[in-house]
Amino acid sequence: MRSLLIVLFVCIAAASSAWAGETLEQGPPPAWVRPIEVVSPIAGDDDDVAAFRVELMDQQVRLEGGVNQTYVRTQWRVLSPQALPMLGSVVIPWNPANQTVSIHGLRIFRGDRVIDALEDREFTILRREQNLEAAMLNGVLTATLQLDDLRVGDVLELEATTRSENAVLGRHAEILATANLPAPISHYHLRASWPRGEHFRIRATDGWDTPAVRRSGGDDGIEIVLKDLEPLLVPDDAPTRFHHVRQLEVTDYGAWSDVADVFLPLYARASELEAGSPIYARAAEIREATDDPRARAEAALRLVQDEVRYLALSMGDGGLVPASADETWRRRLGDCKGKTALLLALLKELQIPARAVLVATRDDALERRLPLVGVFDHVMVEAVIDGRSYWLDGTRSGDRKLEDLTPPAFGWVLPLTTDATLTHIDEAPPARPRREFDLRFDASAGLYVPAPTTAVLLQRGDLATELQTLFGLASAAQRDAYMRQTWTSLIDDLEIDSVASSYDRDKNEFRMTMSGETRLDWTSAGGQRLEIPLSSINWSAGDRREAGPYQDLPRVVNFPAFTLFRTQIVLPPDEAFTLAGQDVAAEAARYSHIRRTQQVGGTVVMEREFRALASEMTEAERAAAEAPLKALERNRAEIVAPRDYLTTDEDRENLAVNSDQSAAELVQRGLALQANGQVEDAIAAFDAAIAKAPRDANALANRGIVRFWDGDIENAKADFEAAAVLDPNERIARNGLGLVAMHEQRFQDAAQIFSDLIESWDEDQFALAMRASAYMNMKSYDQALADIRAIKTLNPTDVDVQVQEVAVLVTLNRLEEASTTLDALVQREPTNPTVLRLVASVRDEMADYPAAEAALTTILETDPDHGPVRLSRADARAKAGDLDGARADMALVRPTAERSVSLLNNLCWLQAVSGFDLAQALADCDAGLALSPESAALLDSRGLVLLQLDRPEDALAAYDAALKAQPEQPSSLYGRGLALRALDRATEGQAEIDKALSLDPRAARPYAAYEARHPRGSSAD
């Protein structure tokens, strides 16, 4: 906030150049100043939030004969102790080369008293280069005065005039004023005047009305009087053009070409070489080295960047007039002006067309402004080669190849040519990554063995230059610490052995390397799955701004960001690892996201690109990106270990539990052992963790999960309940209690437990899946479908979820919708056996048996020994009338089915449903019952065979036996009803049929062939 006074003196600016004075003058205001009457500074209500308030901001400007006089009278009311350090030090800067400052008063109003703060006091004059660390010399002097006894409630008033003139600009005058301060302004007054007959153009920016020119005596002028101005708080992330609020522009230039005409001869003279200049020889060396104009331009730019040190020289006329090319070369230092003159001289000798361009680095919308000199703060070179413009900046460092230069995001620039007009620099994303991360993990010794790790970070362009500069100033210990922190922030559970760095000056590339070991986490994704390091697309476009006038402004993008991430993971040999997660090629919020993952031999390779496409995005683009970005974040690139993964000797050694491990390490060890199927060892690890930390709810909950899936429900429930007492918010424990409720068939309770979890986190996929299962058991199919679709939204690549969606749609008899959903799934997963089996099931429901057969045939082409699939095809063939084809499939399965209850049941069932080879069907059922006499499924199948054989009494006995084992098995209830009906016990039979249909509306489907032969009202003979 100490810059506040500075702002008040430079917010109205006019360039100037005659040597003025190095001391402050004191005296009354100039005669042309018109005193204004304002409310007494005693008035005004205190603000509960602001530290201070500007009671008065009076700015009056006189433009005459190339001289700019700016009178400022400002009053600040101190509202809180926090304002005392801000306002207690009065700071006045000025450039003695072209300015003089006259102080008219420094006063403190306290109640009825007026205190002269200058009585027996003087300002201290300092010559301090505040931007010296940025290599800038401007010759500015600073007058400072520390106020005594400034108190809360006081009003501080400063009254002064600054006189400026500039020989370079001649009689030109301009004003750029602002009335938007970071504090409320009670009274604002701006007045500007000039002799009648002089013409000035005037423009006000957003938030301010353009004043009309009025005549008074022999002068023309403008005046603005406003009250109670609140700060206009433009969001920081809005482009700079939107920060130009409450600004007033006044200029006597008619067009931008008038501005260019001032500077064109200055750069023409500065780029003319002296006779015998050594620059001729340097240009000759470049010409002799190459005929390629691009290579020549690159060499010239490198010479200016590397061999001439940057130092901004704004003293005297140096603020506007460039040093000559020869002077810059002799001194081997220069600012943007001198370096531009030198680069122009070199390019001229190399016969490359080039011109200087004025740049406003903090203003991306010059086309909206009036022609002003004061908006420009930089100059660079535009070189044209083969019709293409290249923007060359001598003040940069490390630019090596023209093709790697990203056009600067300055928007509009002013070329210094005759009849100049503003030129727009079109944006272009960088052609090559500015950063490349390359990681390699060798997990070949086992999933749970620390993986030898190597990594390389390559940085190009500005990033390389900045890091090389940083490392050049840092000690060896600081460099080592920086590199280690870089790698540990990227890679979890990393133990670093060594780090190193190198810099390639010719390529301007900075390289950091690392070697070490990493414990890859194969448990965090659930099961033996690993999210590939650096693969996550976790990017936010930002939140919606608060309501207000600036809510919908565009936002600045980190342009020209371009990073490539590459991760290689060498897997254990002779194991069938698979990949999960879709490749990505998407654009969102003006960024491009690309990710590709492939398995080459025993190595998984993931490459991900993150690139900014433009310098800003609209609010509509931000809003539209929210859902896609969330979907990208959920689309995890994972490596999935096979279910039968065999741990290596090294795995087993590393999974061993020992007393030196912390409770957290033991929990992670337990999770890894569980994922590896070592249940007893996993429980032992959790036991050890709980022994070390008895109140660790997470350890208890995880032990409960292992016990639950191992069938130890009672002890699992005890663990969940104990964990919930220790931490009611422990999600694993709450999920466990939901699992227990499901196991105990308390589906309503389970649904409520999972609903509570979902309410606190609506993206909990496990809770959504389990609630869907509870709803299915409650026959609330629509609610189950809603949960499944919520999971699908969160995880659109999960095939199992989409399979469940189709299954529920079939249950709801929404077959067309199921078919459409399934077609989309097949298009993406055309060879997935799970999907193809679902296709067969749906087509069977729709009585499209040839399509069902085709899907099953596709599976058998790659897995001909899959018994259940072959029997499903036999069923489809039988229903289509191809009994010979069905018999052929069953004949291939029957030899392998002799000891399989499931296969024998399927053989029996499919023959019973279609009503053929019933003697063989009965033999298959009896063979299965010999293995499992109380199998409800086999007894149910046998009942249907007996019905088809018109043996209702025997069928009734079979169904009674089946229902003894499974009292509410819908198929057995329906078959029993048909058997009763065939025995002329129609009322009893219908009651059984009605009960079956209430449990499963599709219970009648397997009995269609039988009922076609035995319509309602008939009985078996």
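Guide: Welcome! In this predicted model, a residue is called buried if its relative accessible area is under 20%. By that rule, helix α20 has these buried residues: Val799, Val801, Gln802, Val803, Glu805, Val806, Val808, Leu809 and Val810.

Visitor: What do the buried residues of α20 pack against?

Guide: Their partners are α18 (765–777), α19 (781–794), α21 (815–828) and α22 (833–845).

Visitor: How do you know that the span of helix α20 agrees with its number of residues?

Guide: The helix runs over residues 799–811, which is 13 residues. The expected span is 1.5 Å times one less than the number of residues.

Visitor: What makes Asp798 a cap for α20?

Guide: A polar contact needs N or O atoms within 3.5 Å. A side-chain oxygen of Asp798 lies 3.0 Å from the backbone nitrogen of Asp800, at the N-terminal end of α20. After the helix comes Asn813, with a positive phi near 60°.

Visitor: Why is Cys336 called buried?

Guide: Its relative accessible area is 10%, and the cut-off is under 20%. Cys336 is therefore buried.

Visitor: How do you know that a disulfide joins Cys908 to Cys925?

Guide: The sulfur atoms must be within 2.5 Å, and in this pair the S to S distance is 1.9 Å. The pair meets the rule, and the structure holds 1 disulfide. Cys908 sits in helix α26 (residues 901–914) and Cys925 in helix α27 (residues 918–931), 17 residues apart. Both cysteines are buried.

Visitor: Why is the disulfide of Cys908 and Cys925 called left-handed?

Guide: The torsion about its S-S bond is about -90°, so the disulfide is left-handed.

Visitor: How do you know that strand β27 and strand β28 pair?

Guide: Pairing takes at least two bridges, and β27 (residues 494–504) and β28 (residues 509–518) have 10, in the antiparallel sense. Ala500, for instance, stands opposite Thr513 in β28. Their hairpin has 4 residues between the strands, and Asn508 takes a positive phi near 50° there.

Visitor: Which residues touch the most other members of the largest nonpolar core?

Guide: Among its 70 residues, they are Trp487, Trp522, Ile569 and Ile639. Helix α13 (residues 679–692) gives the most to this core, with 6 residues.

Visitor: What does Trp487 touch, not counting residues up to four places away in sequence?

Guide: A contact means heavy atoms within 4.5 Å. The residues that Trp487 touches include Phe437, Leu439, Leu494, Ile496, Val499, Met512, Thr513 and Met514.

Conventions:
Residues are numbered from 1 along each chain as its sequence is written. This is a predicted model: local features need pLDDT of at least 70, side-chain atom pairs count only at pLDDT 80 or more; totals for chains, interfaces and linings use all residues. Side-chain values use heavy atoms; hydrogens and water are left out. Helices (H or I, at least four residues) and strands (E, at least two) are DSSP runs, numbered from the N terminus. A nonpolar core is a set of buried Ala, Val, Leu, Ile, Met, Phe, Trp, Tyr and Cys residues joined through side-chain atoms within 4.5 Å. Buried means under 20% relative accessible area, exposed over 50%, partly exposed in between (1.4 Å probe, protein chains only). A polar contact is a pair of N or O atoms within 3.5 Å; within protein, one must be able to donate a hydrogen and the other to accept it, and residues adjacent in sequence count only if both atoms are side-chain atoms.
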